Amino acid sequence: MKKLIIAGKEFNSRLFLGTGKFNSNALMEEAILASGCEMVTVAMKRIELDDKEDDMLKHIVHPHIQLLPNTSGVRTAEEAVFAAQMAREAFGTNWLKLEIHPDPRYLLPDSVETLKATEELVRLGFVVLPYCQADPTLCKQLEEAGAATVMPLAAPIGTNKGLQTRDFLRIIIEQASVPVVVDAGIGAPSHAAEAMEMGADACLVNTAIAVAGRPVEMATAFKEAVIAGRRAYEAGLGAVGQNLIASASSPLTSFLD
Amino acid sequence: MKLTVNSKETEVKDGCTVAGLSTLLTLPEKGIAIAVNNRMIPRTEWENHVLQPGDNLIVIKAACGG
């Protein structure tokens, strides 16, 4: 399989993991390691002054893992730039998952603010991976603004509904000259495999693994699905028939004649 | 003098720096960032940045999230 390259950095795995919603940090770490992923998101929160809780960071810092801080919670480009600067200082990386979703009900990204923030953050030296609408025009604009990838949504965050934006994802993949990471809404390994078969460069999965009955097993299932989907894409899928008429794959003649 | 840290009123000595506050509050050595009045203060400036009465500080750390 071809390696994934983002901003000049090589990744062996095309599965990115989010760290939300796991029952414990230890379970999260186990799932991350089982998934084989090399990119893991991390959010930020205000510290409690009498804080005694387990530090999640120590569970995700591994030599093979690129931390991807996110800007979850910001509502505008200006707030995103501030959050990005805090993230760079706290985690020592200029990689950033830019997410601006002012509406807490559907968590849909604000395209205008996302584009504005991408332009500014690229100027400030960040490697910007914007979570965005599955809008082919916007994705080209983000790319032109210097985004390292585009991360269009498959369905709203945490819904597990799969590739609801399928047709637009196809256009985005066809047009993109930066990696396309399908983010949000992927609820089953088959969804991830489908995205990869379509030619997506990677998938970002969180809820589907974190809330599974056995998250570590599910992480392995996603790992295998992403690999299978990518292999199939690189192998070249056969054409889908245009009608219902069968096409034999075994010879129908001769041996009984 | 009084200032706020993550919305909590906090009393520090006059002339206290960001580094001094970090020691006072026993903040973790790694994985945090501090902003004063919505401007991130790089760790290299903590020693020299003198806090003023009424300053509004935000201290963040890592959290789980997708």
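The structure is a predicted model, in which local features need pLDDT of at least 70 and side-chain atom pairs count only at pLDDT 80 or more, while totals for chains, interfaces and linings use all residues. Residues are numbered from 1 along each chain as its sequence is written, and chains are lettered from A and ligands numbered from 1 in the order in which they are written.

**Stop 1: chain B**

Select chain B and display its secondary structure. Helices (H or I, at least four residues) and strands (E, at least two) are DSSP runs, numbered from the N terminus. Chain B has one helix and five strands, which follow one another from the N terminus as β-β-α-β-β-β. The C-alpha trace of chain B extends over about 40 × 25 × 20 Å along its principal axes. Because a compact globule of 66 residues would have a radius of gyration near 11 Å, the 12 Å of chain B agrees with that expectation.

Colour chain B by burial next. A residue is buried if 20 or more other C-beta atoms lie within 10 Å of its own, exposed if 12 or fewer, and partly exposed in between, with C-beta atoms placed from the backbone. Of the 66 residues in chain B, 33% are buried. Contacts require C-beta atoms, placed from the backbone, within 7 Å. Among the contacts in chain B with a separation of 6 or more, 59% join residues 24 or more positions apart.

**Stop 2: where the chains meet**

Now show both chains. Contacts link 21 residues of chain B with 25 residues of chain A. On the side of chain B that touches chain A, β3 (32-36) and β5 (56-63) each supply at least two residues. The largest share, six residues, comes from β5(B). By class, this side of chain B has 13 nonpolar, five polar and three charged residues; Ala, Val, Leu, Ile, Met, Phe, Trp, Tyr, Cys and Pro count as nonpolar, Asp, Glu, Lys and Arg as charged, and the others, Gly among them, as polar.

**Stop 3: loops of chain A**

Select A:Ala7, in the loop between β1 (4-6) and β2 (9-11). Its phi is near 50°, a positive value in a residue other than glycine. A:Ala7 counts as partly exposed because it has 15 C-beta neighbours inside 10 Å.

Proceed to A:Lys21, in the loop between β3 (15-17) and α1 (25-35) of chain A. A:Lys21 is not a glycine, yet its phi is positive, at about 70°.

A:Thr76 lies in the loop between β5 (66-69) and α3 (77-91) of chain A. Not counting residues up to four places away in sequence, A:Thr76 touches A:Ile100 and A:Glu113.

**Stop 4: the nonpolar core**

A nonpolar core is a set of buried Ala, Val, Leu, Ile, Met, Phe, Trp, Tyr and Cys residues joined through C-beta atoms within 7 Å. The largest such core has 102 residues, and those with the most contacts inside it include A:Leu96, A:Cys203 and A:Phe222. The element giving the most to this core is α3(A), with nine residues.

Finish at A:Cys203, whose contacts, not counting residues up to four places away in sequence, include A:Arg14, A:Val181, A:Ala192 and A:Val226.

How values were computed: Rg over C-alpha atoms; globule rule 2.2 N^0.38 Å. Contact = placed C-beta atoms within 7 Å.
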